[in-house]
Amino acid sequence: MMKINHLPAPTWRWLKVNGTETGYVAGIVPGEVSERIPEGVVRGEGTDKTPNGIPDEVRTGLGPEFDDALTAVPSVVYTIKPNEDNNRKLYQDITYTTISSPDDKGCVNRFAFNCEDGANATVIQFMTGGGDGPVRAALSNKYYVGRGARLTLVQVQNLPEGSETYNDCGGTCEDGGTFRRIQIVLGGGRTYMGDFCDLRGTKSAYDCSVAYYLQGTHLLDMNYVANHQGRRSESNINISGVMADSSSKIFRGTIDFHKGCARSKGGELEDVLLMDDGVINRTVPLILCDEEDVEGSHGASIGRPDDNLVLYLASRALDKDAIYHMMARARVDRVAALIDDEETASRIDGILESAAVPKEMPAESALSLKRH
């Protein structure tokens, strides 16, 4: 068994939130990648654990055991150079092969992004399945954000029901460097995600926004760490999601203030909407502090749909399913609105409308769900 998603500081064992054990079957075949690379981004390969341009001490959210399991697959390394175009976008469509039995080895893709000093780019990744059946997918993204650079990673996961997905991430931000991550989880079966952002530079920043819509028996297991080392570094971790049927979820969010990171700030917040009594939700916000002059905050809003709001919307000729889908859609749209790309926003709209809007919904109700 492989241990992943460890809390940096363990809590009581009986809570069963310190980490996760999984029987991951390592694959060696990459998922099929269709990409569009803008000018100013150089594509290469790396074969070792931490490819060229990425520091050796890079850590990831899922942890070292998972990272070691992927080393047989070469990394695709993208070097992002500064130029006059500050809105470059690298598009990646990743398609995974359907597995025919539980023992099948899955697909693995490893990417590394070396964002040089002063560079600015957005990476947009769509994860989909190659057929109607479940897939087993492992994706690793490592990053190095240089001085004054800015890197945004957008990920949209829309995999078939019953799929097993590992989505790992980790990297470093130097002085004035900013890493922004936007994730939307719309499908799958068992999904494990993590990120470890090392804010080593002065005024470095980490901004993470995640939206999820869990149905059926979908399991979502998350571990995000903002590791503050540089002075006046900042982090924000915002999670927004909907849980329905008998889905389950655990969110681990850690803000770790190390000695020497004076005047740093960190905050984390989760907003969970529980649609059914059969869901299992666990939220583990954690702040570690070894420095006095810092500001840290965390909070969670967890509950069922407001009865008065449901009654009001029902009086406007919306049925119960339509009302619940509207509330779910709003939470996903809130994060999707952060994506500064019309093409990506349109694709997400298409996925949501086909997956979340009931066929029997009145036409006037469907119009109310569209992006504004």
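Which residue does Lys249 form a salt bridge with, and how far apart are the closest N and O atoms?

**View 1. Lys249 pairs up with Glu270.** Their closest N and O atoms sit 2.5 Å apart, where a salt bridge is a side-chain nitrogen of Lys or Arg within 4 Å of a carboxyl oxygen of Asp or Glu. Lys249 is in strand E17 (residues 248–257) and Glu270 in strand E18 (residues 264–274), so the pair ties together parts 21 residues apart in sequence. Strands (E, at least two residues) and helices (H or I, at least four) are DSSP runs, numbered from the N terminus. Both Lys249 and Glu270 are buried; buried means under 20% relative accessible area, exposed over 50%, and partly exposed in between (1.4 Å probe, protein chains only).

This is a predicted model, so to speak of local features takes pLDDT of at least 70, and side-chain atom pairs count only at pLDDT 80 or more, while totals for chains, interfaces and linings use all residues. Residues are numbered from 1 along each chain as its sequence is written, and side-chain values use heavy atoms, with hydrogens and water left out.

**View 2. Arg334 reaches Asp271.** Here the closest N and O atoms are 3.1 Å apart. Arg334 belongs to helix H3 (residues 320–336) and Asp271 to strand E18, 63 residues away. Asp271 counts as buried at 16% relative accessibility, whereas Arg334 is partly exposed at 45%. Arg331 joins these two in a network of salt bridges.

**View 3. Arg329 holds on to Asp333 within helix H3.** The two are four residues apart, so about one helical turn separates them. Their closest N and O atoms are 3.1 Å apart, and both residues are buried.
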